[in-house]
Amino acid sequence: MYRQGEIDFSKVTTFNLDEYYPIRTENEQSYRYFMNEKLFSHVNIKMENTHIPSGETENPTEECEKYAKMIADAGGIDLQLLEIGQNGHIDFNEPEDIW
């Protein structure tokens with residue numbers, strides 16, 4: 001829909017639910033890498049408006065507190081999109097065939 005001019009991401013701000021730890025941003029298994037490759041690089045979103053907790057931090061507790069403050073400062077979350085897997089769990093790291 002973005003390619004057809006039906007959706008504009010220029011004013012969108014995102015906050016991902018989580019990130020693996022420890023993991024480097026450029027690791028193909030990181031959520032930052034995944035989001036950049038699968039969504040952000042394909043739409044007109046401003047990269048400074050995309051937020052994912054750092055998997056590279058030396059202090060995870062401080063990173064979580066900072067991230068929570070960023071969300072609060074942005075006015076909170078208006079919409080949370082989650083995919084539900086075949087067995088009812090939030091759909092990440094789900095096996096293809098669980099039955």
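**A nonpolar core and its surroundings**

The largest nonpolar core in this structure, which is a predicted model, has seven residues, namely Phe9, Tyr31, Met35, Phe40, Val43, Ile45 and Ile52. In soluble globular proteins, nonpolar side chains tend to be buried together.

**Helix H1**
- Helix H1 covers residues 31–38, and among its residues Tyr31, Arg32 and Met35 are buried.
- Seen down the axis of H1, these buried residues fall within an arc of 105°, and they therefore line one face of the helix.
- The partner against which the buried residues of H1 pack is strand S2, which spans residues 50–51.
- Two of the buried helix residues, Tyr31 and Met35, also belong to the largest nonpolar core.

**Thr14 in strand S1**
- Thr14 has its place in strand S1, and it counts as buried because its relative accessibility is 18%, where the cut-off for buried is under 20%.
- When neighbours within four places in sequence are left aside, Thr14 is in contact with Phe40, Ile45, Asn49, Thr50 and His51, and of these Phe40 and Ile45 are members of the largest nonpolar core.

- If residues up to four places away in sequence are not counted, Val43 touches Tyr2 and Phe9.

**The surface patch**
- Met1, Tyr2 and Ile7 form a nonpolar patch on the surface, and together they have about 270 Å² of accessible area.
- Ile7 lies in the segment before strand S1, which spans residues 14–15, and Ile7 counts as partly exposed because its relative accessibility is 31%.

Key
Residues numbered from 1 in each chain as written. Predicted model: local features only at pLDDT ≥ 70, side-chain atom pairs only at ≥ 80, totals over all residues. Heavy atoms only, no water. Buried < 20%, exposed > 50% of the residue type's maximum accessible area, 1.4 Å probe, protein only. Helix = DSSP H or I, 4+ residues; strand = E, 2+ residues; numbered from the N terminus. Arc of directions from axis to C-beta. Contact = heavy atoms within 4.5 Å. Patch = residues over 30% accessible without salt bridge, like charges linked within 9 Å, V, L, I, M, F, W, Y side chains within 5 Å. Areas by Shrake-Rupley, 256 points an atom, 1.4 Å probe, with all protein chains shown as cover. Salt bridge = Lys/Arg side-chain N within 4 Å of Asp/Glu carboxyl O. Core = buried A, V, L, I, M, F, W, Y, C linked by side-chain atoms within 4.5 Å.
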